[in-house]
Amino acid sequence: MILVIAGCGGGAGSSGTGGGAGAVDGGGNAGTDAGSPPAENTVAVTVDPGPPGTQNVNGLFTTVTLCVPGTTQCQTFDHFLVDTGSVGVRVLASELTLPLPAVKTGDGQRLVECLPFVLGTAWGPVASADVKVGGEAAMNLPVQVVGDPSFPVPAACTGSPVTDLQTLLARGILGVGVTAQDCGGACAQPVTSSVNPGLYYGCVSAPSSCAAVAAPIASQVTHPVAAFATDNNGTIITLPAIGAAGSATVQGTMTFGIGTRPNNGLGSATVLSLDRAGLATTTFPVNGKAYSSYIDSGSNGLYFLDSAISGLPACGASLDGFYCPPAAVGLGAVLSAGNGAHAMVSFSVANAGVLSAANSAFDDLAGDMPGFAMDPTSPGFDWGMPFFFGRSIYTAIEARGTPSGPYFAF
Amino acid sequence: MRRVPRNRRRPVQGALASAALSLALLLSAPARAALGDDVSTVAAAQARLHADLTVSHRGSYAIHELAMPSGVRLRHFVGGSGKVFAVSWSGGWRPNLRDVMGAHYDDFIAATRGKPMKRGVARIETRGMVVVMGGPQRASFGHVYLTDLVPQDFFSTGNDLQGGSP
């Protein structure tokens, strides 16, 4: 029986730890050395089961402090999900005790956002906060307070509501993707424009009603790292390699900035520039066909293709969607991008049915890309958390740095 | 309202009420071209969305594709009965799911409400509807279909949910 070392911080929003707690499972040497102070542009990250009462698989978490802007009235949260697939800071209303000031529209209405996450939707008002992660801070940042019951969800905001710890499985999300705001110029266009996706609403409270609005860039939920004073062009997530059976918890590091300090250079990493949709290309097998693909720390598995192409049998039943080869299989692929770069990737797919429920981190948990069999032009590869173990993954923000983002590198 | 004997008032009121409700629904229903809707609703949706419409035929069914100025492509699969049995999308932010699932949207919410959020990709089946979603937020993809309306040749290789050759 493996002793699960979960992060500290029970109860709503109570203070969490700054670094990992003591013992390191997984044996890697990445992450902060317990004996010396961590570099200011880093923060500890962990893969663990998540807040008490949740059961995450391959959930990557860190500690975030929010403050009422310009004050020392702060709240520290453990278990914010570190998500390279989204942008912006989002905190559950049920966890937040701070009176963060509201972000309003030009008409004085409350700015509220409807943001999709796969099947779910994060609905909640935009507020201002000073955001502190590791030794860095973003001041007066627009953040989303998710699941605030003051604002009933309008009919046009569809999707399954994400409202609490039970549905989010984390106290909040630290979205560190490749854009500077979560929507950008399209959401700043007039609502009548066909390019405005209608993510932002202006709401009045009594009686409650909301209508889609144009949200100025400065009011939109913003990439926290992009708003740091320095080290603000991207992030690096470094996790040690783990064994084939997985780990109960894994300790790693997120570093802020790419090429801004001695500790965050690209080194020999291969830069994969992304297209406008954030996609790169995966060729599988190594001399096989090309598929559009993406890298996402917010995905808990490596989801690719289908049984027919991968040669991996589906598990069926309660593990529907995952692969269950009789024994673990070693595979290879090539990741490439429009800038001509390419990198070979070796990966392993375990029998998902034999992975221990006592572990929460797996580098070999894989499944099919649902719907791919019926839709061969959809993305073929979602390189989720299994891809992050044993690597430093660089995520570069659009239009920043040299070379300029958006790109992933490893 | 004409007077009716007390013991017959309720059924008359009920019939009038339900007729009024149906009429109200008909007048207020948005032009959606959702699952189960008639193919004639696709043209109305095209006008509302300022989209380009192309129609192609494959096997026993037709594909009505709306290409939005935003880059999102919405494809409606119509069978011999003239009903939309599947809808797929790609190329942008996730579309309005009521527009896509129509009357089946409530089943989707009932099946997912309170459940842990899916991370990465998802496939669920509930009350005769299969739902698939995934992708990065700005390049989301997905499809829904009704299991009792979908024709057998929909599942053959070379299926064309998003267009282009497989």
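Before reading off any contacts, I note that two residues are taken to be in contact if their C-beta atoms, placed from the backbone, lie within 7 Å. The model is a predicted one. On that basis I looked at contacts in chain B between residues at least 6 apart in sequence, and 44% of these join residues at least 24 apart.

I then went through the make-up of chain B, which has four helices and seven strands, following the order α-α-β-β-β-β-α-α-β-β-β along the sequence. Of its 166 residues, 42% are buried.

Next I turned to the interface, where 42 residues of chain B are in contact with 41 residues of chain A. The elements of chain B that each give two or more residues to this side include helix 3 (97-101), helix 4 (105-112) and strand 4 (84-92). By class, I find 17 nonpolar, 17 polar and eight charged residues on the side of chain B that touches chain A.

Last, I examined strand 5 (residues 110-117) of chain A, where eight of the eight residues are buried, so the strand is largely enclosed by the rest of the structure. One of its faces carries A:Arg110, A:Val112, A:Cys114 and A:Pro116, the other A:Leu111, A:Glu113, A:Leu115 and A:Phe117, and both are covered.

For its pairing, I found that strand 5 of chain A runs antiparallel to strand 10 (residues 200-204) of chain A, with four bridges, and that A:Arg110 stands opposite A:Cys203 there. Strand 5 of chain A also pairs with strand 6 (residues 120-133) of chain A, antiparallel and over six bridges, with A:Thr121 as the bridge partner of A:Pro116. In the hairpin of strands 5 and 6 of chain A, two residues lie between the strands, and A:Val118 takes a positive phi near 50°.

Notes. Residues numbered from 1 in each chain as written. Chains lettered and ligands numbered in written order. Predicted model: local features only at pLDDT ≥ 70, side-chain atom pairs only at ≥ 80, totals over all residues. Nonpolar A, V, L, I, M, F, W, Y, C, P; charged D, E, K, R; others polar. Buried ≥ 20, exposed ≤ 12 C-beta atoms within 10 Å, placed from the backbone. Pairing = 2+ DSSP bridges.
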